[in-house]
Amino acid sequence: MAFNLTRRRFLQSASLAAVSVPLAKVVSAETGLVESPLEAKGSLKEETVPGGVCEMCFWRCQLVGKRREGRLIKLEGNPKSIDNGSQICARGNAGIQLLYDPDRLKYPLKNVGERGNPVWKRISWDEALTECTTRLKGVIDKYGPQGISVFPHGSTAKYPMHFFERTVGTHNVSEASFFQCRGIRDTAYLATIGKAPGEKVDMPNAKAILLVGSHIGENIHVSHVKAYIQGLQNGAKLIVVDPRYSASAAKADIWVKIKPGTDTAFLLAIMNYLVQNKKFDADFIDNYADGFDEFAAGIKDWTIEKAAAECDVPAAQIKEVAELLAANAPHVSVHPGRHVSWYGNDFQRQRSLACLTALLGAYYVKGGWVPGKGPKVGGISWAKHDHGVEHNLNYDEDEERRYPYSPPGTPTELIRDAALTGKPYPIKGCVIWGQNPIQTIPGQEKMKEVLKQMDFVMCVDVMPTDATMWADILLPEVSYLERYDHIQTGTQWDFSEKNQQYIAARMPLVEPMFERKDQVFITNAIATGLGHKEEIPVQTAEEMVEKNLAVAGLSLKQLREEGGIHIQEGKDPYGVPEDFEVRLYNEDIEDYGFPGVPTYIPVEQPPAGYARLLYGRVPVHTFNRSQNNAWLHQAMPSNPVWINDETAKKMGLKDGDTVGLINSEGFKSRTTTTVKVTPGIRKDAVYMAHGYGSTNPLLSVAVNSGVDDQSLITKIAVDPETGAHGMRNNFVKLIKDDKVLDIPA
Amino acid sequence: MQYAMIIDLERCVGCHACTIACKAEWEVPVEFGRNWVRRLGPSLVNNEMASTYYPGLCNHCKEPACVPECPADTVETTFTNPKTGEKIVQEIAATWKDPIDGTVQVDKSRCLGCGACADACPYGARYVNPALTDDVSSDGKIDKCTFCKPRVDAGATPACVQTCITGARIFGDLDDDKSEVAAYVKKQAKGIEPNGGSLGPNVLYYGKKKDIDLLFATSTPELADLGMVRRRSMLASLGRSVEKSVKSLGLLGIAGSLLAASATHEDDDSK
């Protein structure tokens, strides 16, 4: 065509000429701005819908939605919030892209291909639910309730998890948040101070903050980050212990570039130094601690010099850290961490952190560990029944626990081994609800074998994942913006402010689209099909929330009228409770055959030519759940592998080179990424962000973007006290231009 | 009045809340951004390890490099100071520096989509949004940070400032001695001036010395080659003149419009 017009331009020109848009526009005298139909309208004047509670991660910031013609156009922090305030993070802001992601699950699907290589057929809810109940019933009738395994994650998974655990009666529930994340921390602190610690350190009012591995900044939870930055702004000294110059290390006064796996040795030397030099809080120890003498004797060999050699850090630096902690005691935030399933020696490290906090007298005191006093709401769910321990894999023939400090549920590896061996009994049914065990649990191939041998696998999720590819029936769930469920409670984020408590229930901001359903609908239908209709605790998710609010004297109506958040007077968070006790030496742990005084257990070191694979977070992703979010993906589309600059030079690698990875067991990454060459990492380790490299072709944004670190974590470590996984004991080489490159020491 | 933004790198954790909130607020296409966050380092700066961020956006410069390059015809415009009622009349093209509040703005309806201003900006703070077209430009329209002028004029804060989880972004009037932004200037917050330039950027960075050193060492841009910029804008201007003259003839109908549009595109192709 002579005029060189594309079809699109032809249509545009034609339509515009027909409308005859005037060229001159009236300029607003007020602002000088022109009202143009091409200008985005902005959200300011749109309808504000309160009642959102974020679930782009588990921190659950309180939201409002901005709605235009029934469609959410923006999410913001609820200005009434005393937790996150008007602020939400990148992921929170990107919730819109999850809500309207064209790749989201829309209808119940049946796999008419094979597991792992699915061919999906759209079916009705009736057919899907009938199939789920019939086939689950088949497993239960043949193998007993213990034949069912459950892999749940997120606030919607609680209701179905309780159904399978309490009503159906299987113990075989593996929550990733416990066994691949924080379970070790919780049970180690329970064994030391009788409480799970959360991340409840009073950082805004601390004089010193100790982070062992926590990389706040790459790891974002809004009120937590606010507390951390407020503490630093108030002058707190920051000590960061990390093999890598993390986002936190970049803000630190002292960066301890520790050899991976040796953190416990470092902590023991600090505690021994405090004890030997009488720089600990003797009054606090007298009043609240138990077993000090055994403890002091048990750690006495850990001189600073011994730890310096073990941890590969200067002795002077360990002493400097110890002195700094002592000088600022008791106002020290010894952060308990969150994802702590690292090396398979983690229970003892977490115990050490709890004991160090005690030596500094840093419990229930300004700047220390302060849990705060939040309000109570109800927790209505399926009624509990005693199902005995006969089919509990964590109990041996003598009814002794194999992993005495296991978090709730059954250690993942016990479930997988039983499934693969059929001993002590077969596990042939699998319910995956909101979890992605393929990218979450180490040993992908093992997980696939577990799923292959099942009689039935059902998945419930919002998005397709690498795990949903293994489902027989795949059910679409409503997102956190379209449903009722969780009630978030807490206090003001900074304890130096007026003491307040808040209660915020998750309420839908928009109507669900397509045929997505919520957890109560799906679970109740399955329960009915399995003959448990009489035991159903609530008919709808809304009823569940209403009843849980009633415990606090509230209703949904009132909460809506109050802008989505109820705020009431709070309580002074400081002051040690009378019955508080710290078990520095714990005889029970010893009776189970483990060290009763915190003890360092060395881990395997990388063989020649390999570096240890470390992984962590980026601020724009939550685990592997947000990979397909277009906005978040665009912010960080890949996960470069960090390598020490001197090492890279020896290998002939330049920043930005494309590489693959191969581990010491011969597992190769399917995809490639780039190298980030930096002095900010040790030579014996490489690092990459977790949560990339999905294989699911239904994720049109995420598929094959970056490298899946979990595919390289095949050597499985299990923490002996807890049964939780350790995931940082895998060693890798890099592959460039099809050549495997040794990583020099 | 001169609106300005402080980026406090002591507070910034590089979380990208600002960039994503901006995308939502102003319907910015996925592949573009009115603002950005780049992670810098870890690198050695004067033998000291450092890592920080470059949260960037339009600098709303004192002497913007972009504004003089706009080839669109000018329009006489009256700007009124909402506080004093003072009026300023000014000839402006499709992009201008607001004489009242000091922000740099765009009139998309008059934008030719030529991208000259984007090429002239040393910071890369402008982009052509190809999704926005009309009879003036089928190539798209320029888009950039407005300091959230519509929100600010209505009494709200910019979307990025509102969502900033650590309070690292601070917005205000530099000319107001009592403002928080002015206080940061007294603490030596400074803008990133291009090499050899004197644009007077009004996004000012504050932080630890090693972080500021790293930021300026890695993120100081070069001035654009204005010769190249002008050649492109001249071509766009030529094409536009044809279009405008055809339009001004009145109702030529579809055929006339097609002629005009194709003339513009042939000019584009000849580049």
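**Figure 1. Right-handed crossing of helices α8(A) and α12(A) in the predicted model.** The crossing of α8(A) and α12(A) is right-handed. As in every view below, the coordinates come from a predicted model. Helix α8 spans residues 263-276 of chain A and helix α12 spans residues 315-328 of chain A; the two pack at about 55°, with a separation of 10 Å between their axes. The pair is therefore classed as oblique. On the α8(A) side the contact is formed by A:F266, A:A269, A:I270, A:Y273 and A:L274, and on the α12(A) side by A:I318, A:K319, A:V321, A:A322, A:L325 and A:A326. Sorted by class, the contact of α8(A) with α12(A) comprises 10 nonpolar residues, 1 charged residue and no polar residues.

**Figure 2. Residue A:F266 and the largest nonpolar core.** The largest nonpolar core contains 300 residues. Those with the most contacts inside this core are A:F266, A:A269, A:I270, A:L325, A:V457 and B:A17. When neighbours within four places in sequence are set aside, A:F266 is in contact with A:V241, A:I258, A:A307, A:C311 and A:I318. A:F266 also belongs to the α8(A) side of the contact with α12(A), and A:I318 to the α12(A) side.

**Figure 3. Packing of helix α11(A) against helix α12(A).** Helix α11 of chain A, residues 304-311, has an axis that comes within 8 Å of the axis of α12(A), and the two cross at roughly 120°. The crossing of α11(A) with α12(A) is right-handed. Helix α11(A) contributes A:I304, A:E305, A:A307 and A:A308 to the contact, while α12(A) contributes A:A315, A:I318 and A:K319. By class, the contact of α11(A) with α12(A) includes 5 nonpolar and 2 charged residues, with no polar residues.

**Figure 4. Packing of helices α5(A) and α17(A).** Helix α5 (residues 158-168) and helix α17 (residues 519-529), both of chain A, pack with their axes 9 Å apart and at an angle of about 25°. Angles under 35 degrees count as roughly parallel, and α5(A) and α17(A) are therefore described as roughly parallel to each other. The contact involves A:Y159, A:P160, A:F163 and A:T167 from α5(A), together with A:Q519, A:V520, A:T523 and A:A527 from α17(A). The contact of α5(A) with α17(A) has 5 nonpolar and 3 polar residues, and no charged residues.

Figure 5. Most peptide bonds are trans. In chain A, the bond joining A:A329 and A:P330 is cis, with omega at about 5°. A:P330 is located in the loop between α12 and β11 (332-334) of chain A. In chain B, a cis peptide bond runs from B:G41 to B:P42, and its omega is near 0°. B:P42 lies in strand β2 of chain B, which covers residues 35-45.

Figure 6. Most residues other than glycine have a negative phi. A:F623, a residue other than glycine, has a positive phi near 50°. A:F623 is placed in the loop between β19 (611-616) and α21 (630-635) of chain A. The threshold for burial is 20 or more other C-beta atoms within 10 Å; A:F623 has 21 and is therefore buried. For B:H16, likewise not a glycine, phi is positive and near 75°. B:H16 sits in the loop between β1 (3-8) and α1 (17-26) of chain B. B:H16 counts as buried because 28 C-beta neighbours lie inside 10 Å.

Figure 7. A:T491 is part of strand β15 of chain A, residues 487-491. With 23 other C-beta atoms within 10 Å, A:T491 is buried. The C-alpha atoms of A:T491 and A:D83 are separated by 7.0 Å, although these residues are 408 residues apart along the chain. Apart from neighbours within four places in sequence, A:T491 is in contact with A:G372, A:K373, A:G374, A:Q500, A:Q501 and A:G570.

**Figure 8. Chain B.** Chain B contains 8 helices and 12 strands. Of its 271 residues, 55% count as buried. Among contacts in chain B between residues at least 6 apart in sequence, 63% join residues at least 24 apart.

Conventions: Residues are numbered from 1 along each chain as its sequence is written. Chains are lettered from A and ligands numbered from 1 in the order in which they are written. This is a predicted model: local features need pLDDT of at least 70, side-chain atom pairs count only at pLDDT 80 or more; totals for chains, interfaces and linings use all residues. A nonpolar core is a set of buried Ala, Val, Leu, Ile, Met, Phe, Trp, Tyr and Cys residues joined through C-beta atoms within 7 Å. A residue is buried if 20 or more other C-beta atoms lie within 10 Å of its own, exposed if 12 or fewer, and partly exposed in between; C-beta atoms are placed from the backbone. Two residues are in contact if their C-beta atoms, placed from the backbone, lie within 7 Å. Axes are lines fitted to C-alpha atoms, for helices over the stretch in contact, and angles run from 0 to 180 degrees between N-to-C directions. Helices (H or I, at least four residues) and strands (E, at least two) are DSSP runs, numbered from the N terminus. Angles under 35 degrees count as roughly parallel, over 145 as roughly antiparallel, 65 to 115 as roughly perpendicular and the rest as oblique. A crossing is left-handed if the near helix is turned anticlockwise from the far one by less than a right angle, and right-handed if clockwise. Ala, Val, Leu, Ile, Met, Phe, Trp, Tyr, Cys and Pro count as nonpolar, Asp, Glu, Lys and Arg as charged, and the others, Gly among them, as polar.
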